Amino acid sequence: MGEAAITTAIATDPAVELTGITKRFPGVIANRDVRLSVAKGHIHAIVGENGAGKSTLMKILYGMQRPDEGEIRINGSAVSFHTPGDAIGAGIGMVHQHFMLADNLTVLENVILGSEPRKGGLAIDFGAARKKIRELSDAYGLGVEPDALVEELGVGDRQRVEILKVLYRGARILILDEPTAVLVPHEVDELFDNLRVLVREGLTILFISHKLDEVLKVADAITVIRRGTTVASVEPSGVTARKLAELMVGSELPSPETRESTVTDVVTLEVSGLTMVAPGHGPVPKGTSAEQLKADGVRLLLEDISFTIHKGEVLGIAGVEGNGQAELVEAIMGMRSITAGTISLGGADITAWSTLKRREGGIGFIPEDRHRHGLLLEAPLWENRILGHQTREPNVKGVWIDRAGARKDTQRIVDEYDVRTPGIDVDAAALSGGNQQKLIVGREMSGEPVLLIASHPTRGVDVGAQAAIWDHLRNARAAGLAVLLISADLDELIGLSDSLKVILRGRIVADVDPGAVTPEQLGSAMTGAGEDT
Amino acid sequence: MSAFMERLTGRVKLDGVFAIVAPVLAVVFAGLVTSVVLLIAGNSPADAFTTLLDQGSTPRIIVLILNTSAAYYLSAVAVAIGFRMNLFNIGVDGQYRLAALLAAAVGGAGLLPGVLNSLLVVLVAVLVGALWASIAGLLKVTRGVSEVISTIMLNAIATGLTGWLLTADRLGVLSGNAIGTTPIPEDAHAPGWALIPGTPMQVNSFLIVAIIVGVGYAVLLNRTRFGFNLRATGRSEPAAVASGVDVKRMVISAMVISGAVAGLVGMPELLGGSFQYSLNFPAGLGFTGIAIALLGRNNAVGMAVGALLWAFLDSSSNALQILDISKELVDIMKGVIVLSVIIAYELVHRYRTVAAQRRVSRELAAPAEVEGAAV
């Protein structure tokens with residue numbers, strides 16, 4: 001960290017200066033002695049892994065959390081925020097990752113919501129608001145139309161509305177939390193153009209991200225957070241993406257690479273012609289072909305998807321999030337009904353099977369959102385061991401729960417998968433994300449599955465757990481497991497997969513050879529920019 | 001809010017000493033509030049509580065408490081089955097009243113001799129309760145109607161329906177000014193035993209039925225696959241769906257079982273007390289059950305304590321009138337108990353969560369785990 005640490009010495013007071021910020025939650029230290037100095041008129045990026053403490057830090061700066069120790073200075077004067085209202089008063093605005101807009105209201109109504117200008121006591125002064133929004137939009141080149149209905153806007157426009165909303169409230173310091181997570185590449189470029197205009201006009205931007213390429217492209221200064229504390233401040237010109245990544249994880253990057261191929265010619269999963277219509281189209285006759293549906297103007301979430309996974313093969317699905325990956329997984333798990341197509345597992349047609357029967361048939365499932373779909377947070381670990389396996393040994397005997405069997409097997413998982421826990425009677429909620437995930441992986445590998453659906457298996461887990469999970473996936477593959485891997489981590493996808501498919505707007509648009517593709521090429525294929533593989 | 005409701009309805013467990021401490025604190029607190037009310041009204045709290053306890057320890061009242069608590073307990077179990085999977089069966093009240101009326105009519109007809117007739121009565125009650133409750137379940141899974149709304153409305157419909165059925169040309173029989181179903185023949189009455197020395201009053205056999213139902217409830221929920229699925233659905237529906245639980249079927253099953261138990265609620269009174277369904281048949285037991293299920297956190301033993309406490313307050317409240325205190329004082333006390341128990345559970349839960357997280361991080365003795373997203 002030493003050589004990379006550069007103190008940004010600026011003549012004027014920094015816009016934001018944090019010193020010695022520490023925040024403890026019961027059992028964890030979210031932030032420890034954080035130091036941060038953000039110069040006025042800079043785009044300052046905060047990078048760090050999921051769980052490194054970025055969000056907590058920003059919540060502190062935005063008044064949603066109070067630090068246990070440390071000092072916050074805004075434009076040179078010490079402040080103490082009790083609520084986001086205080087932060088807004090001090091000129092800080094936050095654009096959340098997930099938009100907080102009312103779809104059925106206009107841009108104007110959304111922007112003034114909560115700080116409506118008054119006219120004659122009661123009436124809302126729409127005229128003044130509209131004028132102010134136009135002025136702001138023109139001054140910063142946002143191109144926002146006040147009377148447009150939000151539900152008719154695209155993602156990029158919505159984000160600009162969010163930015164306008166905080167500008168409207170007088171913000172001079174903007175916090176953008178993972179603003180590019182929901183954007184496609186050209187929208188990212190537009191956003192960056194907007195940001196450059198904003199800083200030219202004298203605003204200061206804190207940009208939180210873990211996408212290093214983007215950070216290097218847009219930031220004037222970068223601060224790296226690891227394990228809750230700031231470990232380095234660097235300038236983008238003096239650092240590479242790889243160097244940044246190593247600063248983030250604090251060591252040489254673990255590699256997800258698999259060694260030799262274990263693919264056999266035995267087909268485990270075969271999906272053909274899988275089609276799913278978006279909700280809200282009314283009933284559509286089952287089995288209607290994708291072409292017919294498209295001709296009728298029906299929006300499709302999944303369109304004519306076909307692929308096979310063999311025994312011992314990892315098939316990776318690459319794609320920008322929200323292009324049908326979640327729907328595909330839920331269709332294969334039997335959690336959502338499909339409009340057309342067939343799914344077969346080991347030669348048996350499972351299209352009409354229930355989720356339970358599919359699980360009994362040997363499908364393991366590592367869900368994307370472990371808190372929602374993977375765990376009963378407020379149940380002990382051994383009860384979580386039963387979840388999804390409530391009809392199988394060693395958890396049950398007939399209609400009875402076999403407590404002893406389930407507990408014993410939970411202990412086995414805890415030992416084999418290195419789940420750090422004081423015991424199997426603690427609630428799942430008490431474990432860290434990585435340990436929760438290891439428990440899920442261990443559970444889903446139990447009962448000799450033939451197919452594993454792994455949706456973002458290492459999202460939000462620490463580097464150690466990530467390496468362990470990769471090892472487990474590799475070993476299982478060597479033992480003949482077929483794996484459907486969905487991930488946003490391109491290195492993980494390329495490293496683990498035997499074959500790769502790219503999904504875009506619900507369609508498989510490209511087959512990629514993971515041995516020959518670079519993350520950059522894969523990234524551009526994901527956006528439909530071109531099939532250069 | 002939903003997490004709060006989960007704690008409230010016991011889907012989040014409180015273990016060890018807390019399970020006892022929280023309700024005891026709540027009852028003590030309710031005693032204090034009631035004392036203040038008594039002082040304001042110019043009565044002596046000490047006298048009032050002594051009178052309640054004295055009255056509650058007379059043999060006759062003890063029997064009364066035991067018999068009343070059987071019905072209260074059955075009602076609480078019926079409510080708790082729904083609560084454990086996030087279903088709010090507010091309709092136990094209508095379910096047991098309709099079930100009792102139809103069962104009384106069948107029993108009064110004397111189709112079978114002796115004990116077979118009492119079994120038939122119970123069977124009819126269970127079936128009617130289950131069917132009536134299943135309407136709400138079906139509406140929920142097919143049409144997405146909230147079971148809270150539908151069961152409340154079904155209560156109103158049950159009131160209308162029983163009123164309509166209990167007329168002279170239908171199931172009712174006029175005797176003087178009173179109207180009721182044909183009394184059930186004596187050989188079909190539920191047996192009872194004079195267990196408590198000092199009174200000839202009998203402890204009704206439905207106390208045993210209530211105990212069996214309580215044990216069955218605990219076993220079903222904690223030891224069976226069905227119970228696991230039910231609790232999993234209550235804790236997290238998305239996780240249950242992903243694990244292969246057919247949530248729609250669970251909704252129907254839970255409502256049917258809840259309704260079946262609800263059907264039993266009127267039986268202690270019907271087969272052990274009044275032997276006919278008349279206008280005097282006790283109403284509102286379904287709502288008592290909701291309060292007791294909350295108080296006992298859906299725990300089989302906790303609800304038993306709650307049912308006994310409620311029965312004690314109700315049965316001995318008449319004695320307060322000797323002191324010129326309105327017997328409705330116990331209603332104040334019951335209300336305060338429910339409110340303070342909710343607060344006590346919430347406080348204990350918060351304490352326990354923090355304590356558990358501390359314990360885990362201490363026992364792991366690793367360098368403090370960093371979790372930025374932890375809120």
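Three aromatic pairs turn up over all chains, where rings of Phe, Tyr and Trp (its six-membered ring) pair if their centres lie within 6.5 Å. The model is predicted: local features need pLDDT of at least 70, side-chain atom pairs count only at pLDDT 80 or more, and totals for chains, interfaces and linings use all residues. Residues are numbered from 1 along each chain as its sequence is written, chains are lettered from A and ligands numbered from 1 in the order in which they are written, and side-chain values use heavy atoms, with hydrogens and water left out.

**Aromatic pairs**

- A pair of aromatic rings is described by the distance of the centres and the angle of the planes.
- Planes under 30 degrees apart count as stacked, over 60 as edge-to-face and the rest as tilted.
- One of the pairs joins Phe192(A) and Phe207(A), edge-to-face, with 5.8 Å from centre to centre and 65 degrees between the planes.
- Phe192(A) belongs to helix 6 (residues 185-200) of chain A and Phe207(A) to strand 10 (residues 204-209) of chain A, so this pair ties together parts that are 15 residues apart in sequence.
- Helices (H or I, at least four residues) and strands (E, at least two) are DSSP runs, numbered from the N terminus.
- Are Phe192(A) and Phe207(A) buried or exposed? Both are buried, which means under 20% relative accessible area, while exposed is over 50% and partly exposed is in between (1.4 Å probe, protein chains only).
- Another pair is made by Phe83(B) and Phe88(B): the ring centres are 5.0 Å apart and the planes are at 65 degrees, so this pair is edge-to-face.
- Phe83(B) is buried, at 3% relative accessible area, and Phe88(B) counts as buried at 17%.

**Chain A as a whole**

- Chain A holds 18 helices and 24 strands.
- Its radius of gyration (taken over C-alpha atoms) is compared with a globule rule of 2.2 Å times the number of residues to the power 0.38.
- For 533 residues a compact globule would have a radius near 24 Å, and the 25 Å of chain A agrees with that.
- The C-alpha trace of chain A spans about 70 × 55 × 50 Å along its principal axes.
- Buried residues account for 53% of the 533 in chain A.
- Contact means heavy atoms within 4.5 Å; of the contacts in chain A with a separation of 6 or more, 69% are between residues 24 or more positions apart.
- Chain A exposes about 21800 Å², and carbon and sulfur atoms supply 49% of this; accessible areas come from the Shrake-Rupley method with a 1.4 Å probe, and for residues, only the protein chains shown count as cover.
- The 55 positive and 73 negative charges of chain A have mean positions 4 Å apart.
- Lys and Arg count as positive and Asp and Glu as negative, leaving out His and the chain ends, and each charge is placed at NZ of Lys, CZ of Arg, CG of Asp or CD of Glu.

**Chain B as a whole**

- Chain B has 15 helices and four strands.
- With a radius of gyration of 22 Å, close to the 21 Å that the globule rule gives for 375 residues, chain B is as compact as a globular protein of that length.
- Along the principal axes, the C-alpha trace of chain B spans about 80 × 55 × 35 Å.
- Of the 375 residues of chain B, 51% are buried.
- Where contacts in chain B join residues at least 6 apart in sequence, 75% of them join residues at least 24 apart.
- The accessible surface of chain B is about 16200 Å², and 69% of it belongs to carbon and sulfur atoms.
- Chain B carries 23 positive and 20 negative charges, whose mean positions are 10 Å apart.

**Backbone details to look up**

- Most residues other than glycine have a negative phi, and most peptide bonds are trans.
- Asp33(A) has a positive phi near 50 degrees and is not a glycine; this residue is in strand 2 (residues 28-38) of chain A and is partly exposed at 36% relative accessibility.
- Phe275(B), also not a glycine, has a positive phi of about 60 degrees, and its place is the loop between helix 12 (267-274) and helix 13 (285-295) of chain B.
- The peptide bond from Glu393(A) to Pro394(A) is cis, with omega near -5 degrees, and Pro394(A) is in the loop between helix 13 (381-386) and strand 19 (396-397) of chain A.
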